[in-house]
Amino acid sequence: MANPPPSHYADIGELGEDLVVQWLQSTGWVILHRRFSCPWGEIDIIAQHHGLNGEAGDENDSTQNSTLAFVEVKTRSCRNWDAGGRSAITLKKQGKICSTARIFLAQYPEKANYPCRFDVAIVYCQRTSKKLSEVTDISKTVPSLSTDGYKFKLQEYIAGAFDSPTES
């Protein structure tokens with residue numbers, strides 16, 4: 001099978017991100033941004049989760065019960081070269097994500113005191129023979145999405161996959 005054109009890879013990555021966004025939303029996360037970029041890099045998904053008391057109380061209570069997640073999504077097929085995308089998240093890549101997260105927090109100072117973490121989502125992509133467009137009921141099974149001749153499955157979600165390289 002010939003390699004698809006380079007523009008095709010961007011579509012595959014975006015569909016993998018769509019699946020992760022749907023899964024995050026189903027588990028109570030609010031998506032703040034997708035593909036947030038600055039000169040230092042890009043963050044695929046920025047999401048916020050309110051704790052049990054996040055809706056009530058003053059601003060400090062809300063901040064203490066909310067978490068920001070900066071999510072890097074890696075969508076790969078079964079015969080990939082980089083351990084499902086894990087090997088692609090080098091220290092240099094982590095540094096770019098952390099620098100971009102700092103820019104985001106500078107642009108949105110009301111979020112600057114929220115606890116933050118860096119998550120990684122590994123999405124498996126497989127070519128299918130049919131043109132489907134469906135999302136599996138993600139509350140009961142492994143999150144998956146089938147569309148345009150591909151099936152996507154959230155293989156692994158690593159919360160707090162790495163810390164900011166500047167932290168000790």
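Reader: Before we look at this predicted model, what makes two aromatic rings a pair?

Author: Rings of Phe, Tyr and Trp pair if their centres lie within 6.5 Å, and planes over 60 degrees apart count as edge-to-face. In this structure there are 7 aromatic pairs, and one aromatic cluster is formed by Phe36, Phe70, Phe104, Tyr108, Phe118 and Phe162.

Reader: How is the pair of Phe70 and Phe104 arranged, and why?

Author: The pair is edge-to-face, because the planes of the two rings stand at 80 degrees while their centres are 5.9 Å apart. Phe70 belongs to strand 3 (residues 66–76) and Phe104 to helix 3 (residues 91–107), so that the pair links distant parts of the chain, 34 residues apart.

Reader: Are Phe70 and Phe104 buried or exposed?

Author: Phe70 and Phe104 are both buried.

Reader: Which residues touch the most other members of the largest nonpolar core?

Author: A nonpolar core is a set of buried residues joined through side-chain atoms within 4.5 Å. Here the largest such core has 21 residues, of which Val20, Leu24, Ile45, Val71, Phe152, Leu154 and Tyr157 touch the most other members. Helix 1 gives the most to this core, with 7 residues. A separate core of 16 residues includes Ile46, Phe70, Leu105 and Phe118.

Reader: What is Ile45 in contact with, beyond its neighbours within four places in sequence?

Author: Its contacts include Val20, Leu24 and Val71, and also Glu17, His33 and Phe70.

Reader: How are strand 1 and strand 2 joined?

Author: Strand 1 (residues 29–38) and strand 2 (residues 41–50) run antiparallel and are joined by 8 bridges, while a hairpin connects them through 2 residues. Gly41, in strand 2, is the bridge partner of Cys38.

Conventions. Residues numbered from 1 in each chain as written. Predicted model: local features only at pLDDT ≥ 70, side-chain atom pairs only at ≥ 80, totals over all residues. Heavy atoms only, no water. Phe/Tyr/Trp six-rings, centres within 6.5 Å; stacked < 30°, edge-to-face > 60°. Helix = DSSP H or I, 4+ residues; strand = E, 2+ residues; numbered from the N terminus. Buried < 20%, exposed > 50% of the residue type's maximum accessible area, 1.4 Å probe, protein only. Pairing = 2+ DSSP bridges. Contact = heavy atoms within 4.5 Å.
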